[in-house]
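Please consult the sequence and the structure while reading.

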Amino acid sequence: MTERKEDQTRSRLEKLQRIKDLGINPYPTRYQRSHSTQEAVTIFREKGDNPDELPQIRVAGRITAMRIMGKASFMDIRDGSGRIQVYFKKDTLGEEKYGLLHDFDIGDFLGVEGTLFKTRTEEITIQVSGFTFLSKALQPLPEKWHGLTDVEKRYRQRYLDLISNEEVRQIFRMRSQVISSMRRFLDGQGFMEVETPVLQSIAAGALAKPFATHHHALDRDLYLRIATELHLKRLIVGGFEKVYEIGRVFRNEGISIKHNPEFTTLECYQAYADYKDVMDLTEQMISSIAKEVLGTTQVTSGETTIDFAPPWPRIPLRDIIRDKSGIDFEEFPGAASLEAKIRQTGIPVDAGLSWAKLVDHLLSQKVEPDLIQPTFLTDYPVELSPLAKRKPEDEQLTERFEAFCGGMEIANAFSELNDPLDQRDRFEEQEKMRAEFGDEEVERTDNDFLTALEHGMPPTGGLGIGIDRLVMLLTGQHSIREVILFPQLRSQE
């Protein structure tokens, strides 16, 4: 803490004590508002020509500007809806009450009551007839609180970011609207929202490394879920035909502008549907959300306009990787030969990756960055898709798609594998890859899920959407940290 900040805090503590010495509770339990600040502004605009019709106003909020003078003073009060100016007159309040203004600071919370009028500068203002002190801020706001730009401080102290930057508050309002719109769409399609366990005995349902913990009462190791998939499919087995969950998942992976160790996903499953049905659902849902939240399917990102309107292009994975990299991965069925070919083309690649990881590497390096408009990539190899159903016409491929937009993956989906014998074989192949390549990001065998499948699951289409990335696109942000209120950060030490 700087010496100046220490002085400011000391001054605020002294003011707090003076307020207490006057018998005033600086932290009262409640304050009854009659209007928000913007409701008050609206009332004046509607009735200002007839002052007799204007009601008494009681608003409350944070002091964001102060101009304390001898006989009259102005402050700005900001609440969740916006800002309004308030006007204090010594003659109206009395000397003792007016003198309290000198113990107020920017950042304090104040409730005021009075009548609306318009100043000579045409600003709608409340002339204060009484006020109530609501909370003393002991820490000063940053010097540039009205436009905090220190990225590190913005993420570590998000409350300061929200106080300082209206555009940031708007991003998170829009995030909430996106999720609400998503729920409305799925509810309207007959889906039922459910909740599944966060703590799981086996971290399965995705290719990711989990976070581990220990439950002392049960004396067993548990994992934070890396996906909601396998429990949701158990519900399809149980007879629910359309289910979805919006919730946090946790993956012990690196941090980047596209990755946070905990993030929010939508997963939904529909009985008697396949991946083509899910493609239709995905483009309809995302375009519907964009229209509801933004009023348009078009979003500007830098110099590019992204259009979510259906239909989205549907391109086989093999074709686009061959076009972008010059490599046909089906001509190189082994990891060693495919790695050699990748190196021959000059694409940097780590040694010792499995064949599936090498294909995924080609996708992420040569294809994904160029997929700016919404695009479905389809028909992934079995090795990349341990939970997806094989294509009847080519059993080396699966009925799977990933949706890309803005140079990143935003959705993953497939016709769900419901053959328990094939599923067991796939799990065993994944375990072999784990042993051979030391790959912790492979699918784990979940025997209880296999038992569920053995009781019969109808043909099912499943979908997972990364909500954080979708919000990035809809709000024009380029870092996932801008759309997560409290992103994980490296230690300050």
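In this predicted model, T213 stands opposite L222 in β9. The two strands concerned, β8 and β9 (residues 220–224), run antiparallel and are joined by four bridges. Strands here are DSSP runs of E with at least two residues, helices are runs of H or I with at least four residues, and both are numbered from the N terminus. Two strands are taken to pair if DSSP finds at least two bridges between them. Residue numbers start from 1 along each chain as its sequence is written, and side-chain values use heavy atoms, with hydrogens and water left out. As the model is predicted, local features need pLDDT of at least 70 and side-chain atom pairs count only at pLDDT 80 or more, while totals for chains, interfaces and linings use all residues.

The pair β8 and β9 belongs to an open sheet of three strands, ordered β7-β9-β8 with antiparallel pairing. Because β7 (199–200) and β8 (212–215) each have a single partner strand, they stand at the edges, and one side of each is left without a neighbour in the sheet.

Strand β3 (residues 83–89) has five of its seven residues buried, where buried means under 20% relative accessible area with a 1.4 Å probe and protein chains only. Strands of a sheet pair through backbone hydrogen bonds, either parallel or antiparallel. β3 pairs with β2 (residues 72–78) in the antiparallel sense and with β5 (residues 124–135) in the parallel sense.

| Pair | Sense | Bridges | Opposite residues |
|---|---|---|---|
| β3 and β5 | parallel | three bridges | Y87 and Q127 |

Four residues lie between the strands in the hairpin of β2 and β3, and G82 takes a positive phi near 155 degrees there.

Turning to the whole protein, the model contains 15 helices and 20 strands. Its C-alpha atoms fill a box of roughly 90 × 50 × 50 Å, taken along the principal axes. Of the 493 residues, 49% are buried. Contacts are defined by heavy atoms within 4.5 Å; among those between residues at least 6 apart in sequence, 64% join residues at least 24 apart. The protein exposes about 23800 Å², of which carbon and sulfur atoms supply 47%; the areas come from the Shrake-Rupley method with a 1.4 Å probe.

Key
Buried means under 20% relative accessible area, exposed over 50%, partly exposed in between (1.4 Å probe, protein chains only).
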